[in-house]
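Colleague: I am new to reading protein models. Could we walk through this one together?

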Amino acid sequence: MRSLKSTFRSVMVALSMALFAAAPAVSQAQTVTDRPSGLEMTGDVLLVRPLTLVATVIGTGLFVVSLPFSALGGNVGEAGDTLVVTPFRSTFLRCLGCSEKHLSVAERTGE
C-alpha cells in the first residue's frame, strides 16, 4: 500500500509542476487580430442588426415610459445609456460582423 501512495504523490507532483510550467504560456497569449469573415458579416446583416434595431425601438419606448421614474430617481442619463444608446451603437455604429473579439482590435487600430 505504501507504493500506491508514493506513486500517487509522484503523479500529483509531476502534474503540479506541469501546470506551473504552462502558466506563463497562458498569460502571454496574444489577442485575436482577425477581421470578421463573410459568414459573420452575413449573419450580422440578416439576424443581429434587425434584432438590435428592434431592441433600440423597444428600449426607446421603455425609456419614455420610465422617464418620470428615472427623473425622480436621478438616473435619467444611466437609463438613457442602457435602454437607448447601447442598442443604438450596436445597431448603427458597430462595424459589420464585429463582435467583442473584433472590437478590441478595431479600437486599437483606429478603424
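Modeller: Gladly. Helices and strands here are DSSP runs, numbered from the N terminus; a helix needs at least four residues and a strand at least two. Keep in mind that this is a predicted model.

Colleague: What pattern does the protein follow along the sequence?

Modeller: Start with the counts. The protein has 4 helices and 0 strands. Read along the sequence, the pattern is α-α-α-α.

Colleague: What share of the residues counts as buried?

Modeller: A residue is buried when its relative accessible area is under 20%. The protein has 111 residues. The share of them that counts as buried is 17%.

Colleague: Are helices H2 and H3 roughly parallel or roughly antiparallel to each other?

Modeller: Two packed helices are described by the angle between their axes and the distance between the axes. H2 covers residues 38–73 and H3 covers residues 76–93. Their axes come within 8 Å and cross at roughly 170°. An angle over 145 degrees counts as roughly antiparallel, so H2 and H3 are roughly antiparallel.

Colleague: How many residues of the contact of H2 with H3 are charged?

Modeller: Sort the residues of that contact by kind. There are 13 nonpolar and 9 polar residues. The charged ones number 1.

Colleague: Which residues does Thr 52 touch, leaving out those up to four places away in sequence?

Modeller: Thr 52 lies in helix H2. Its relative accessible area is 13%, so Thr 52 is buried. Beyond its sequence neighbours, Thr 52 touches Pro 87, Ser 90 and Thr 91.

Colleague: Which residue has its backbone oxygen 3.0 Å from a polar atom of the Thr 52 side chain?

Modeller: Look at the side chain of Thr 52. A polar contact needs N or O atoms within 3.5 Å. Here the distance is 3.0 Å, and the backbone oxygen belongs to Arg 49.

Colleague: Which cysteines form a disulfide?

Modeller: A disulfide is a covalent bond between the sulfur atoms of two cysteines. The cut-off used is sulfur atoms within 2.5 Å. That rule gives 1 disulfide. Its sulfur atoms are 1.4 Å apart, and the pair is Cys 95 and Cys 98.

Colleague: Is that disulfide left-handed or right-handed?

Modeller: Check the torsion about the S-S bond of Cys 95 and Cys 98. The torsion is about -80°. The disulfide is therefore left-handed.

Colleague: Which cysteine of the pair is buried?

Modeller: Compare each value with the 20% cut-off. Cys 95 has a relative accessible area of 26%, so Cys 95 is partly exposed. With a relative accessible area of 5%, the buried one is Cys 98.

How values were computed
Residues numbered from 1 in each chain as written. Predicted model: local features only at pLDDT ≥ 70, side-chain atom pairs only at ≥ 80, totals over all residues. Heavy atoms only, no water. Buried < 20%, exposed > 50% of the residue type's maximum accessible area, 1.4 Å probe, protein only. Axes fitted to C-alpha atoms, helices over the stretch in contact; angles between N-to-C directions. Parallel < 35°, antiparallel > 145°, perpendicular 65-115°, else oblique. Nonpolar A, V, L, I, M, F, W, Y, C, P; charged D, E, K, R; others polar. Polar contact = N/O pair within 3.5 Å; in protein donor to acceptor, adjacent residues only side chain to side chain. Contact = heavy atoms within 4.5 Å.
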